[in-house]
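Let us walk through this structure together, one step at a time.

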Amino acid sequence: FCPNSLIVANRVFKPNNSFMSTENYLFTIYSRYGDIVFQTTDITLGWDGTEQKSGKAVPRGIYIYRLQFVQPDGKKVVKNGTVTLIY
């Protein structure tokens with residue numbers, strides 16, 4: 001994703017939450033060194049390419065995401081993957 005994109009939908013990285021419950025929702029972005037860059041329990045928020053604590057833009061590169069939520073049927077789900085940040 002690209003925070004400086006002319007396309008508004010490409011400025012923030014967040015899961016498509018069509019079938020997710022807000023119960024036990026946790027979305028985390030890690031640097032390649034394992035540091036937490038962004039974390040939220042708010043299903044409406046996404047990552048804008050900044051370090052959450054300082055508000056400063058992080059370097060372009062590959063970041064790891066972890067998404068935890070509960071499906072409407074009560075099944076707990078954990079998804080991990082990578083996202084590439086470009087400018």
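Strands here are DSSP runs (E, at least two residues; helices would be H or I runs of at least four), numbered from the N terminus, and two strands pair if DSSP finds at least two bridges between them. Before going further, please keep in mind that this is a predicted model, in which local features need pLDDT of at least 70 and side-chain atom pairs count only at pLDDT 80 or more, while totals for chains, interfaces and linings use all residues. Residues are numbered from 1 along each chain as its sequence is written, and side-chain values use heavy atoms, with hydrogens and water left out.

Back to the two strands. Within this pairing, Tyr30 stands opposite Ile36 in β2. β1 and β2 form a hairpin with 5 residues between them, and Gly34 in its turn has a positive phi of about 90°.

β1 also has a pairing with β3, antiparallel and over 5 bridges. Here Phe27 has Leu67 in β3 as its bridge partner. Moving on, β3 (residues 61-70) is joined to β4 by 10 bridges, and these two strands run antiparallel. Look for Phe69, whose bridge partner in β4 is Val77, and for Ile62, which stands opposite Thr84 in β4. β3 and β4 form a hairpin with 5 residues between the strands, where Gly74 takes a positive phi near 95°.

Next comes the nonpolar core, meaning a set of buried Ala, Val, Leu, Ile, Met, Phe, Trp, Tyr and Cys residues joined through side-chain atoms within 4.5 Å. Buried means under 20% relative accessible area, exposed over 50%, and partly exposed in between (1.4 Å probe, protein chains only). The largest nonpolar core has 17 residues, and Tyr25, Phe27, Ile29, Trp47 and Tyr63 are those with the most contacts inside it. β1 (26-30), β2, β3 and β4 are the elements that give two or more residues to this core.

Which residues does Trp47 contact, leaving aside its neighbours within four places in sequence? Among them are Phe1, Phe13, Phe27, Ile29, Phe38, Tyr63 and Leu85, where contact means heavy atoms within 4.5 Å.

Several of these names return when we turn to aromatic rings. Rings of Phe, Tyr and Trp (its six-membered ring) pair if their centres lie within 6.5 Å; planes under 30 degrees apart count as stacked, over 60 as edge-to-face and the rest as tilted. By this rule the count comes to 6 aromatic pairs. The rings of Phe27 and Phe38 have centres 6.1 Å apart and planes at 70°, so this pair is edge-to-face. Phe27 lies in strand β1 and Phe38 in strand β2, so the pair ties together parts that are 11 residues apart in sequence. Phe27 is buried, at a relative accessible area of 1%, and Phe38 is buried too, at 8%. Trp47 and Tyr63 form another edge-to-face pair, 5.1 Å centre to centre with 65° between the planes. Trp47 lies in the loop between β2 and β3 and Tyr63 in strand β3, so this pair ties together parts 16 residues apart in sequence. Ring pairs link Phe1, Phe13, Phe27, Phe38, Trp47, Tyr63 and Tyr65 into a cluster.

Let us finish with Val70, which lies in strand β3. Val70 is buried, with a relative accessible area of 6%. Not counting residues up to four places away in sequence, Val70 touches Met20, Ser21, Glu23, Asn24, Lys75 and Lys76.
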